[in-house]
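Me: I have a model open here and would like to talk through how it is put together. Can we start with the packing and move on from there?

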Amino acid sequence: MEAAQILRQLARGRLITNLTVALVIAVLLGLGIGSLYSESLGYYRETITTFMVLFSIVLGLNVILGYTGYVSFGHAVFYGIGGYTAMILMYYHGVSVYLAMLAAVLAAMGAAYLIGLIVLRLRGAYFAIATIAVLEAFRVVAANVNYLGGSEGLQLSATYYRGYSIAGYHGLMAVHYIAYFLLVGVVALGLLINLYVSRSKFGAGLRAIREDEDAAEAIGVNTWKYKTLAFVLSSITPALAGAIIAWKRMIVLPGEFFNLGLSIEAIISTMLGGAGTVLGTITGTAIYHAVKTAFLTSFPSLHLVIFGATIAVIAELLPMGIIGWLRIKSTKLRFLLE
Amino acid sequence: MPVLQVENIHKSFGGVRALQGVSMSVEEGEILGLIGPNGAGKTTLFNVITGVYKPDKGRVIIFGKDVTGWPPHRIALLGVARTFQIPKPFPDLTVYENVLVSIKFSNRRLSDLEAAEEAKRILEFLGLDKHAHMLAAQLNVALEKRLELARALARQPRLLLLDEVLAGLNPAEVSYMLEKIKLAKKEFNLTIVMIEHVMHAVMEIADRIVVLHLGRKLAEGTPEEIATNPKVIEAYLGDPKLALAFVKRFKKKG
């Protein structure tokens, strides 16, 4: 294949990805706007809100797990840090949710940098275990420090929400809608981050680290700087989602915000779609969330069993995920599916 | 000015003294063979030169710069490339992608098209173009070794360190690689240091040979001097007749 031909194929693949990303954001926005005017869409708004929370964590996780190859098993720690930081500011200082989100993302990035200094020295399973330990440590601290509300958490009063309004809804009535649109913004940001990583020299360096860290260093990749940056980048969207959900639920609780289960769901979604691909994050999270919701409603008492079995089957048959599997099927698909 | 100088390098791992005061220098355009029995410290010396290990004592000077203690990527960016004894390709990237990443990090400003063309040129040079879109994990040993060399050359280095690129190859593959190394040296104006156990090959290609034994330099000289050096024969080459055969080969060629 000629060099020019390869570039043409790649460009076509990028166009497909851009269009898919644009379509996803348009559908999310459309549903949100629709729900403003039609009560019957309320159920979908709430389901998609849960989907977007998971998606925000997946989009962060894909940078460190997918592109860099570091299985961050406790990635919800950044969701928790974001939620708690935002809640502290809203609860004690009455700060608006927007400012709280900004503080949350800065706090999470700072925390990612500091946590990274320690855990990024480890590789493979040791790294994964260390990230679980970090998550648990944060949970235990949150559950035992009075300033953070202890095991009962911090709860905002209804009066806090007076100032918020959207399209004729005010106060607490407006929160669900505003949270929805904020999450669409976070998802869009996460997708942009993933597109950047996928196409940049930075991302090429991360892939080299994932494949072989010593060889990456030998071809001139500053592996320490790159993986630290990747870890910091991966904390952004989870932290923003945490801040928004803390505001929407009015409460932060240690077990819900520093939640290992949520971390695992994000890992499954990333792997199911194909870690280290943009389209995989969308596919994986959408399928995971749809299947989970379906099982949850049709087999309320058996859904975890069916779910575990499904995951085992997928791990056995599609270890590279759906997009990852398609990408090794043919050269053409490899160029087309980003 | 020598391209590479190592001065009095010491390196221990716990109680194992892998290098005990090794010094050598490599001139521009030279091919230096680095030989010695297993455990002599050859790969350790490579790892010290490329910054993977920090020496306990001594200095490494590359292109006149003291790089002792620099991290590997900074040394690489000076224009140093290496291959690994056990090949370390990027397994889940294609052969083409392997080479392309290396080009991207080679400090050259290339457009996407220029980079893609450069990758193609390197792959053709090493006969890998037919396998360009295979995953590196699917390559056999001979192709894997070629990919190691391709990825190193893609950086357009001035100093190339080859760690047993000929190991595990059959005679036809050995002569193919030797041809390519000679060609690459000319085309890219390379200085090469190669660790090698395939004696007839290293004797043929090297301008000068350094013999390491138990972390010390045992001998240094032209291939002919090394092949007839009694200390080297005793420590490494083993069979005096075999050593003599190497010398005869030279005489015939010379």
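Me: What share of the residues in chain A is buried?
Reply: In this predicted model, buried residues account for 49% of the 338 residues in chain A.

Me: How many helices and strands in chain A?
Reply: There are 16 helices and four strands in chain A. Of the contacts in chain A with a separation of 6 or more, 73% are between residues 24 or more positions apart.

Me: Switching to the contact between the chains, how many residues does each one put in?
Reply: Chain A gives 22 residues and chain B gives 26 residues. On the side of chain A that touches chain B, α1 (3-37), α7 (201-211) and α8 (213-218) of chain A each supply at least two residues, and the largest share, six residues, comes from α7(A). By class, that side of chain A has eleven nonpolar, five polar and six charged residues.

Me: Now the sheet in chain B, what is the strand order?
Reply: The order is β6-β7-β8-β3-β9-β10 (chain B), an open sheet of six strands with mixed pairing. Its edge strands are β6 (80-82) and β10 (216-221) of chain B, each of which pairs on one side only, and the twist averages 15° from one strand to the next.

Me: Do β6(B) and β7(B) pair in the parallel or antiparallel sense?
Reply: β6(B) and β7 (residues 159-163) of chain B pair in the parallel sense over three bridges, and the bridge partner of B:R82 in β7(B) is B:L161.

Technical notes
Residues are numbered from 1 along each chain as its sequence is written. Chains are lettered from A and ligands numbered from 1 in the order in which they are written. This is a predicted model: local features need pLDDT of at least 70, side-chain atom pairs count only at pLDDT 80 or more; totals for chains, interfaces and linings use all residues. Two strands pair if DSSP finds at least two bridges between them. Axes are lines fitted to C-alpha atoms, for helices over the stretch in contact, and angles run from 0 to 180 degrees between N-to-C directions. Two residues are in contact if their C-beta atoms, placed from the backbone, lie within 7 Å. Ala, Val, Leu, Ile, Met, Phe, Trp, Tyr, Cys and Pro count as nonpolar, Asp, Glu, Lys and Arg as charged, and the others, Gly among them, as polar. A residue is buried if 20 or more other C-beta atoms lie within 10 Å of its own, exposed if 12 or fewer, and partly exposed in between; C-beta atoms are placed from the backbone.
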